[in-house]
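Me: I would like a close look at one part of this model, with the cut-offs given as each term comes up. Please keep the account connected.
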Amino acid sequence: MRTALHTRVLPDRIADYEQAHREVPVELTEAMREAGCHSWTIWRSGTELFHLIDCEDYPALISHLATLPVNTAWQLRMAELLEVVHDYSDDGGDAALPVVWQL
């Protein structure tokens with residue numbers, strides 16, 4: 001399952017956001033893989049962030065990660081850097097961008 005998401009970094013925090021992603025905790029990436037995530041790529045255009053996630057089941061992935069202490073700490077860190085955050089709520093599984101066209 002491929003899922004695309006959109007978030008937005010605060011304009012004055014771009015460097016901090018990119019630095020944080022050079023230091024993603026190994027415990028978090030291991031938890032993502034254990035929950036069925038095969039890959040997660042983020043592109044940035046200005047302050048706009050576009051995520052492409054390849055996983056077994058996106059709603060199950062975020063449900064699994066939502067309450068893990070390592071992810072909770074990561075999301076608190078990201079909340080300081082983002083204007084539009086990743087949705088880990090019960091409705092977050094429906095936050096994916098809709099497919100408009102595909103070749």
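This is a predicted model: local features need pLDDT of at least 70, side-chain atom pairs count only at pLDDT 80 or more; totals for chains, interfaces and linings use all residues.
In which strand is F50 found?

Reply: Residues are numbered from 1 along each chain as its sequence is written, and side-chain values use heavy atoms, with hydrogens and water left out.

F50 belongs to strand β3, residues 48–55 (helices, H or I, are DSSP runs of at least four residues and strands, E, of at least two, numbered from the N terminus). With a relative accessible area of 34%, F50 is partly exposed (buried means under 20%, exposed over 50%, and partly exposed in between, with a 1.4 Å probe and protein chains only). Together with W43 and L97, F50 makes a nonpolar surface patch of about 290 Å² (patch residues have over 30% relative accessible area and no salt bridge, and nonpolar side chains are joined within 5 Å; a salt bridge is a side-chain nitrogen of Lys or Arg within 4 Å of a carboxyl oxygen of Asp or Glu).

As for helix α2, which spans residues 26–34, its buried residues are L28, A31 and M32. Seen down the axis of α2, these buried residues fall within an arc of 100 degrees (taken from the directions from the helix axis to the C-beta atoms), so they line one face of the helix. On the other side of α2, V26, E27, R33 and E34 are exposed. The buried residues of α2 pack against β2 (37–45), α3 and α4 (69–79), and the helix is followed by G36, whose phi is positive, near 100 degrees.

One of the residues in α3 (58–66) is L65, which counts as buried at 1% relative accessibility. Leaving aside residues up to four places away in sequence, L65 touches A31, M32, N71 and Y88 (contact means heavy atoms within 4.5 Å), and A31 and M32 are among the buried residues of α2.

Turning to the cysteines, a search of the whole structure finds 0 disulfides (pairs of cysteine sulfur atoms within 2.5 Å). C37 is in no disulfide, and the nearest cysteine sulfur, that of C55, is 6.0 Å away, which is too far for a bond. C37 is buried, with a relative accessible area of 8%, and C55 is buried as well, at 1%.

Technical notes
Patches are made of residues with over 30% relative accessible area and no salt bridge: like charges are joined within 9 Å, nonpolar side chains (Val, Leu, Ile, Met, Phe, Trp, Tyr) within 5 Å. Accessible areas come from the Shrake-Rupley method with a 1.4 Å probe; for residues, only the protein chains shown count as cover.
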